[in-house]
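Please read it beside the sequence and the coordinates.

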Amino acid sequence: MACFLVPAGEAVVTTVVQKVVENRAKKAGGERAKKTGLSWSRRLGWLNKLLWGGTILLALEHIWHGEVVPWPPFLTAMNNPAEVAPMLNEMATIGVAMAIFVTIIWAIIVLIVELRAKAMPQAKASPAGGGG
Amino acid sequence: MWLIMTALAAVITTAIWYIRSPGDKYKLGLLSLIFWGATLMWFVDHVMAYLMEGGEFFEINLDATLLGISVIILALLVWEIVLLVSDPKGVLKRIKR
């Protein structure tokens, strides 16, 4: 019904956090990035792309199934008071589970990359593209 | 069906990104993360719906297939817009001149 709004909310928060981290890193001169070859801004960028990508494609699926419409109140479940509670329940269960699952997968990716970067000799520690 | 198609697109895009790495001039990393994000979310959606409501895990019919194709087109469209805006080959800059 509207489960994708939970990862969308997380995407907004992580995008803001990424911008703040990016600005702080610029001021600090990127010392942390020099140590591992990987900045937190870049790591958060991967999470943002996962969350925004998933949100955009899931939004299309919800439009396809008539659960989201381009006119207010945008969510068809909002037209019927009886459907509001199931919609909120779906957001609290499936939506939250989606956001947590994507974040856990991202954390595993970051952990693997971090461990590999530490295992590499300092000169070779420059991880590949990975979505910028 | 759209879960299978998006997962397939994610696997193929990741393979192409890996073959072309360490460079990522054409932002294939972005495209693969878009596909993976949707794949992970739909996977959770399918698993939870299956556990709570039962029924078939995959919806295999014409409507689901068309949705899968539409989802892939939208992801490619988003990727191409980002690619054209960033213009890594400088093609649009040359046209402006």
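## Confidence and conventions

Chain B has a mean pLDDT of 92, and 99% of its residues reach 70 or more, pLDDT being the predictor's confidence in each residue, from 0 to 100. For the complex, the predictor gives an ipTM of 0.91 and a pTM of 0.88.

This is a predicted model, in which local features need pLDDT of at least 70 and side-chain atom pairs count only at pLDDT 80 or more, while totals for chains, interfaces and linings use all residues. Residues are numbered from 1 along each chain as its sequence is written, and chains are lettered from A and ligands numbered from 1 in the order in which they are written.

## The two chains

Chain A contains four helices and zero strands, in the order α-α-α-α from the N terminus; helices (H or I, at least four residues) and strands (E, at least two) are DSSP runs, numbered from the N terminus. Of the 132 residues in chain A, 30% are buried, a residue being buried if 20 or more other C-beta atoms lie within 10 Å of its own, exposed if 12 or fewer, and partly exposed in between, with C-beta atoms placed from the backbone. Among the contacts in chain A with a separation of 6 or more, 72% are between residues 24 or more positions apart, where two residues are in contact if their C-beta atoms, placed from the backbone, lie within 7 Å.

Chain B likewise has four helices and zero strands, and its elements run α-α-α-α from the N terminus. Its radius of gyration is 17 Å, well over the 13 Å that the globule rule gives for 97 residues, so chain B is more spread out than a compact globule; the radius is taken over C-alpha atoms, and the rule is 2.2 Å times the number of residues to the power 0.38. The C-alpha trace of chain B spans about 60 × 25 × 15 Å along its principal axes, and 30% of the 97 residues count as buried.

## Helices of chain B

Helix H2 of chain B (residues 28–53) has 26 residues and reaches 37 Å from its first C-alpha to its last, close to the 38 Å expected at 1.5 Å a residue, the expected span being 1.5 Å times one less than the number of residues. Just after H2(B), Gly54(B) takes a positive phi of about 75 degrees.

Helix H3 of chain B (residues 62–86) has 25 residues that should span 36 Å, and its end C-alpha atoms are 36 Å apart, which agrees. Leu67(B), Val71(B), Ala75(B) and Trp79(B) are buried in H3(B), and the cover over the buried residues of this helix includes H3 of chain A together with helix H1 (2–20) and H2 of chain B.

In helix H1 of chain B, Thr13(B) is buried, with 22 other C-beta atoms within 10 Å. Leaving aside its neighbours within four places in sequence, Thr13(B) is in contact with Leu28(B), Leu31(B), Ser32(B) and Phe35(B).

## Interface and shared core

Across the interface, 26 residues of chain A are in contact with 27 residues of chain B. On the chain A side, helix H3 (40–64) and helix H4 (81–119) are the elements that give two or more residues, and H3(A) provides the largest share, 12 residues.

The largest nonpolar core has 42 residues, of which Leu50(A), Met98(A), Val102(A), Ile34(B), Phe35(B), Ala38(B) and Met41(B) touch the most other members; such a core is a set of buried Ala, Val, Leu, Ile, Met, Phe, Trp, Tyr and Cys residues joined through C-beta atoms within 7 Å. H2(B) gives the most to this core, with 12 residues. Not counting residues up to four places away in sequence, Val102(A) touches Pro7(A), Leu50(A), Leu51(A), Gly54(A), Gly37(B), Leu40(B) and Met41(B).

In the loop between H3 and H4 of chain A lies Pro73(A), which is joined to Pro72(A) by a cis peptide bond with omega of about 5 degrees. Phe74(A), in that loop between H3 and H4 of chain A, has a positive phi of about 70 degrees although it is not a glycine, and is exposed, with 11 other C-beta atoms within 10 Å.

In chain B, a cis peptide bond joins Ser21(B) and Pro22(B), with omega of about 15 degrees, and Pro22(B) lies in the loop between H1 and H2. Lys27(B), also placed in the loop between H1 and H2 of chain B, has a positive phi of about 55 degrees although it is not a glycine; Lys27(B) is buried, with 20 other C-beta atoms within 10 Å.
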